[in-house]
Amino acid sequence: MSLTIGVLAIQGDVLENVLSVKSAIDALDIDGTVTSVKTPDEISKVDGLVIPGGESTTIGQLSVTNGSLNVLKEKIEQGMPVLGICAGMIMLSKTAQDKVVGKIDQPLLDILDIKLERNSFGRQRESFESDISLNSIGIPSFNGVFIRAPSISDVGSDVEVLSKFNEKIVAVRKNNIIGVAFHPELTTDISLHKYFVNLTNTLKN
Amino acid sequence: MLPLSGERVNAKGIISEKLDSLDTIRGSSTLKRGFAHMQKNGVVMDVTNVEQALIAQEAGAVSVMVLDKLPSEVRKAGGVARTASIKIIEEIMDSVTIPVMAKCRIGHVSEALVLQETDVDMIDESEVLTPADELRHIWKWDLTTPVVNGARSLAEALRRIEEGASMIRTKGEPGTGNVAEAITHIKKVNDELRTIKSIYDSGDNQDLVRMAREFKVSYDIVEQTAKLGRLPVVNFAAGGIATPADAAYLMSLGCDGIFVGSGIFSADDAQERANSIVLATTFWNESDKVKEAQKMIDERQSIHGLDVKTLELRMQDRGGSA
């Protein structure tokens with residue numbers, strides 16, 4: 001059966017992820033489509049979902065407003081594969097702390113047991129690119145684009161660390177849930193999106 | 001994949017360094033333009049103090065833009081408008097988790113460097129402030145912090161991108177509460193994009209180079225833009241947006257997001273207005289949601305607004321010929 005991957009289109013770089021997922025589907029030669037989704041109804045129809053980069057406070061508040069936050073949480077808990085990128089990873093976490101402002105009260109999916117710090121590397125001027133590796137999922141080298149990126153200092157026992165930048169954790173996985181602090185959709189390297197499409201395909205069939 | 005490249009060799013804004021023992025670069029086009037990509041489908045709100053910044057964040061703004069006075073107040077006050085107080089910018093940076101932007105005067109390199117040193121997330125080289133140099137804009141490739149510029153036409157937009165702008169917004173007519181100019185500007189940009197795209201598609205390079213000369217930009221940037229059929233950087237609407245319906249309409253014209261200047265905090269129902277404009281920007285293509293947003297505001301509390309034809313000061317003309 002044909003695979004449908006959604007990109008959450010509340011706010012952020014939606015189109016960039018649609019294009020990366022599309023390239024990944026084509027490269028893997030899988031029978032599948034990618035679509036941007038916004039409403040609870042649209043979200044309920046996808047097999048896997050990318051939560052893109054953007055501002056987590058905006059994505060959180062507006063997905064509460066239109067009722068999509070609950071549907072998202074339910075579907076992910078039922079096993080829908082999800083790739084959370086930067087703000088998307090913040091959305092997946094249980095709590096978020098800001099490097100400067102401290103504890104923040106913002107709507108989150110409350111799914112991933114990680115100790116997350118927002119704006120962990122500093123403000124935009126400190127945003128950086130650096131090579132990282134995700135060896136455990138077969139991606140030895142990846143151009144990490146970190147934009148006002150969050151990082152993780154500690155993970156729960158069921159969460160696997162996929163990548164670190166120095167001492168900071170920048171990619172994690174828990175079964176069907178992947179979170180990354182950097183932006184694969186801003187590079188031409190589609191290996192991470194391919195990994196996600198493959199994961200969705202495997203879990204569906 | 002949208003092009004984030006368009007890198008300039010030896011741009012001074014690019015810094016290669018080791019972070020602990022790892023090689024990193026900062027200030028690349030991917031990072032500067034990429035920041036703007038994270039703002040897409042969002043609303044940036046002009047604020048003058050911490051209280052307004054918190055209202056903006058609570059409403060779901062993707063960034064705040066710090067000014068000393070709102071554009072409508074700048075217009076009333078006359079005199080010279082300069083970059084905002086650094087103390088207030090820093091107070092706001094310490095209070096909100098969303099990005100903080102600030103404006104510098106057109107061509108004023110040192111104001112931009114001061115803002116970069118302050119660590120604002122993006123600099124707006126803005127016609128709302130009094131231009132420091134009518135003929136020359138800042139050479140933005142030398143900054144590590146990304147810069148957004150205003151434009152009324154494709155030619156202006158491409159000239160700013162060639163100088164290193166990481167993001168474009170329409171100029172509109174700031175501080176008027178009148179959306180007409182922003183609409184005119186985005187429609188003009190769209191029109192001109194269609195023109196160069198059709199020239200590109202027809203393979204008429206002779207005509208494409210004519211366009212480049214008319215726009216006063218390089219052939220390469222015209223060709224790249226024509227091939228894409230859109231600006232090679234994120235493009236927001238700005239200047240005169242006052243209601244949720246204003247925002248929704250501009251999104252429907254293909255803008256990537258919205259800047260609201262005086263429209264929110266000059267209105268008497270700022271909080272509701274902030275919430276409603278975010279709602280209409282996010283759900284611009286769902287008419288029931290836009291109506292719901294429009295219902296949240298009271299037209300009697302909108303910024304009074306100005307007819308552009310009667311203006312003594314047209315901010316949009318500033319730096320436009322350069």
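Modeller: Happy to! First, a term we need: two strands pair if DSSP finds at least two bridges between them. Please keep in mind that this is a predicted model. The part I have picked is in chain A, where strand β8 (residues 128–134) and strand β9 (residues 139–146) run antiparallel and are joined by six bridges. In this pairing, A:F128 stands opposite A:F146 of β9(A). The two strands form a hairpin with four residues between them. There, A:G138 takes a positive phi near 75°.

For some wider context, let us turn to chain B. Its secondary structure comes to 13 helices and ten strands. A compact globule of 322 residues would have a radius of gyration near 20 Å, and the 19 Å of chain B agrees with that. Of those 322 residues, 58% are buried. Among contacts in chain B with a separation of 6 or more, 65% are between residues 24 or more positions apart.

B:S266 is buried because 21 other C-beta atoms lie within 10 Å, where 20 or more are needed. Beyond its neighbours within four places in sequence, B:S266 is in contact with B:L70, B:S72 and B:I303. By C-alpha atoms, B:S266 and B:R318 are separated by 23 Å, and they are 52 residues apart along the chain.

Definitions and conventions:
Residues are numbered from 1 along each chain as its sequence is written. Chains are lettered from A and ligands numbered from 1 in the order in which they are written. This is a predicted model: local features need pLDDT of at least 70, side-chain atom pairs count only at pLDDT 80 or more; totals for chains, interfaces and linings use all residues. The radius of gyration is taken over C-alpha atoms; the globule rule is 2.2 Å times the number of residues to the power 0.38. A residue is buried if 20 or more other C-beta atoms lie within 10 Å of its own, exposed if 12 or fewer, and partly exposed in between; C-beta atoms are placed from the backbone. Two residues are in contact if their C-beta atoms, placed from the backbone, lie within 7 Å.
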